[in-house]
Amino acid sequence: MARTMKAAIPDRSADAEVDVSMTVNGEAVSRSVSVRMLLSDFLRHELGLTGTHVGCEHGVCGCCTVLLNGRAGRSCLTLAVQANGYDIRTIESVAAADGTLHPVQQAFKECHGLQCGYCTPGMVMNIVARFEEPGKLDLSDEGIRDLLSGNLCRCTGYLNIIAAVRRAAELLGRA
Amino acid sequence: MKPSIFGYQAPTSIDEAISILAGDPDAVVLAGGQTLLPAMNFRAANPSTLVDIQHVADLRGIEVGADVIVVKAMTRHREFELDAEVARVNPLVAEVMQHVAHVPIRNRGTVVGSLCHADPSAEMPLLLVLLGGSVIAQGPSGQREIAAEDFFQSFLTTARERDEIITEARFPVLSKGAGWAFDEVTRRHGDYAIVGVGCVLSLDDGGRASRVQLAACGIADTPVRLNEAENTLTGTVLGASDLDAAVAASAAAVTQPDETHVSQTYRRRALGTLIRRMVTTAAQRATQMETA
């Protein structure tokens, strides 16, 4: 005879759920998700937008960078519920519907700004956000390195990415 | 690397937020989340409930007054960095902000959140201590103002009570003609400082320092106001021997013990180098302000 009773299996998870609604790449979405679901997982697992990559999950690598109300931010350091009511843009929204690359993507292609491509979505979103800000861009080596400092790349050695930022500025008439 | 289970509340008023905190000792305020969420992803932090204050309208914005800049609890680093009025009355803010993590982190992280986290290597606590600022804490029994030097008590520890919200931070403006400077030593751009030093000073008509404010981060379990070095420099022309004396006077302020990558001796030398550079830069700027 067992000395203690086994705990009954709960009939539902203790993980609280919450309704979230936001606009993702121009489309209104609503889901009921765990309050502890990260925005990165919401995009990837709930919406199937796997272009947003997940590297470190503590804000260091920058792979998961998306635009939150037009500003670059870490989707791994944002809960899905925090983004309730936000306008979110991911890498899937950057190229045109017919597949024509965005000038930043075109510049990465021309300058060999990627090898394995894992960091590229975060890089592109971060750069696109800066290019959408008004005012003069700092296209010095130091200025571009500062722009890229929150995104890690383990393949390229960064020089081709720096070149790609300059090329993108040319393509966008911002050089 | 996912957070453990927690509850979530999104109050729309300060009173509502305080009552949630008062009713649950393990509830934690969530502002920008740029420190709290990594800690939760690592499961170093396990709050019972997150009190998300982003929907409290009274906690947003920056107010620039005659003497002080009021930064409300939900103000992001990037807003403080780019505010033209802030830059006009206190150009030190933008200079310090260049060293706070990276733009995507500054877009989300909040100034007051960084103060409440109270990392002794972080820039925002140093800025508040350097300027002699304060915070407003609001709890069930009302509001109180806490001076920066009383707020930062120890490593990641502040004078805030568990049921209080820091509703705003108050950063003094620079006095007319004052020079300023901030720089830090880090292994990588955007890291927490190994040592950081900020300086604000004013010169009299004879080129002597009439007022000197110096503070450092990364050298002790809180940001430190370098009072001895300030006293040593006040009334001098800030020459090489005056700087030597100030550096010698601040050596004892370094109490952070040896760590794997950084010895106490290294920190002390970095502190001395930064004091010399920051005082010199601030003095040059004060001179430029006079002649401008």
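# Close-up views of a predicted two-chain model

**View 1. The buried residues of helix H8 of chain B.** The buried residues of H8(B) are B:Glu123, B:Met124, B:Pro125, B:Leu126, B:Leu127, B:Leu128, B:Val129, B:Leu130 and B:Leu131. In this predicted model, the helix is mostly covered, since the count of buried residues in H8(B) is 9 of 9. B:Gly132 follows H8(B) and has a positive phi, near 70°.

**View 2. The interface of domain 2 and domain 3 within chain B.** The domain assignment divides chain B into domain 1 (7-54), domain 2 (57-171) and domain 3 (179-286), and the C-alpha centres of domain 2 of chain B and domain 3 of chain B are 21 Å apart. Of the area that domain 2 of chain B buries against domain 3 of chain B, 29% is supplied by B:His99, B:Leu126 and B:Leu130, which is more than any other three residues supply. Two of these residues, B:Leu126 and B:Leu130, are also among the buried residues of H8(B).

**View 3. Polar pairs and contributing elements at the interface of domain 2 and domain 3 of chain B.** There is 1 salt bridge across this interface of chain B, and 8 residue pairs, both at pLDDT 80 or more, are in polar contact across it. A salt bridge joins B:Arg285 and B:Glu95, with 3.0 Å between the closest N and O atoms.

**View 4. The interface of chain B and chain A.** The contact between the chains takes 29 residues from chain B and 28 residues from chain A. About 2,500 Å² is buried between chain B and chain A, and 53% of this lies on carbon and sulfur atoms. On the chain B side, B:Ile5, B:Pro104 and B:Arg108 lose the most area to chain A, and together they account for 22% of what that side buries. Between the two chains the count is 3 salt bridges, while 13 residue pairs (both at pLDDT 80 or more) are in polar contact. Helix H2 (36-41), strand S3 (49-52) and helix H6 (103-108) of chain B are the elements that give two or more residues to the side of chain B that touches chain A. H6(B) gives the most to that side, with 5 residues, and the side as a whole has 14 nonpolar, 9 polar and 6 charged residues. A salt bridge between the chains pairs A:Glu57 with B:Lys2, whose closest N and O atoms are 2.5 Å apart.

**View 5. The interface of domain 1 and domain 2 within chain A.** Chain A is divided into domain 1 (18-93) and domain 2 (103-171), and 22 Å separate the centres of these two domains of chain A, taken over C-alpha atoms. In the contact, 17 residues of domain 1 of chain A meet 15 residues of domain 2 of chain A. The area buried between the two domains of chain A is about 1,200 Å², 59% of it on carbon and sulfur atoms. A:His53, A:Cys63 and A:Ile91 supply 37% of the area that domain 1 of chain A buries against domain 2 of chain A, more than any other three residues. Across this interface of chain A there is 1 salt bridge, and 6 residue pairs (both at pLDDT 80 or more) are in polar contact. S3 and S4 of chain A are the elements that give two or more residues to the side of domain 1 of chain A that touches domain 2 of chain A, and S3(A) gives the most, with 3 residues. The side chains of A:Arg89 and A:Glu132 form a salt bridge, at 2.7 Å from N to O.

**View 6. Two asparagines of chain A with positive phi.** Most residues other than glycine have a negative phi. A:Asn25 has a positive phi, near 50°, and is placed in the loop between strand S1 (17-24) and strand S2 (27-34) of chain A. With a relative accessible area of 26%, A:Asn25 is partly exposed. A:Asn69, in the loop between strand S3 (65-68) and strand S4 (71-74) of chain A, has a positive phi near 45°. The relative accessible area of A:Asn69 is 48%, so this residue is partly exposed.

Note on methods:
Residues are numbered from 1 along each chain as its sequence is written. Chains are lettered from A and ligands numbered from 1 in the order in which they are written. Side-chain values use heavy atoms; hydrogens and water are left out. Domain bounds come from an automatic or database domain assignment. Buried area is the accessible area (1.4 Å probe) that two parts lose on being put together, summed over both. A salt bridge is a side-chain nitrogen of Lys or Arg within 4 Å of a carboxyl oxygen of Asp or Glu. A polar contact is a pair of N or O atoms within 3.5 Å; within protein, one must be able to donate a hydrogen and the other to accept it, and residues adjacent in sequence count only if both atoms are side-chain atoms. Contact means heavy atoms within 4.5 Å. Helices (H or I, at least four residues) and strands (E, at least two) are DSSP runs, numbered from the N terminus. Ala, Val, Leu, Ile, Met, Phe, Trp, Tyr, Cys and Pro count as nonpolar, Asp, Glu, Lys and Arg as charged, and the others, Gly among them, as polar. Buried means under 20% relative accessible area, exposed over 50%, partly exposed in between (1.4 Å probe, protein chains only).
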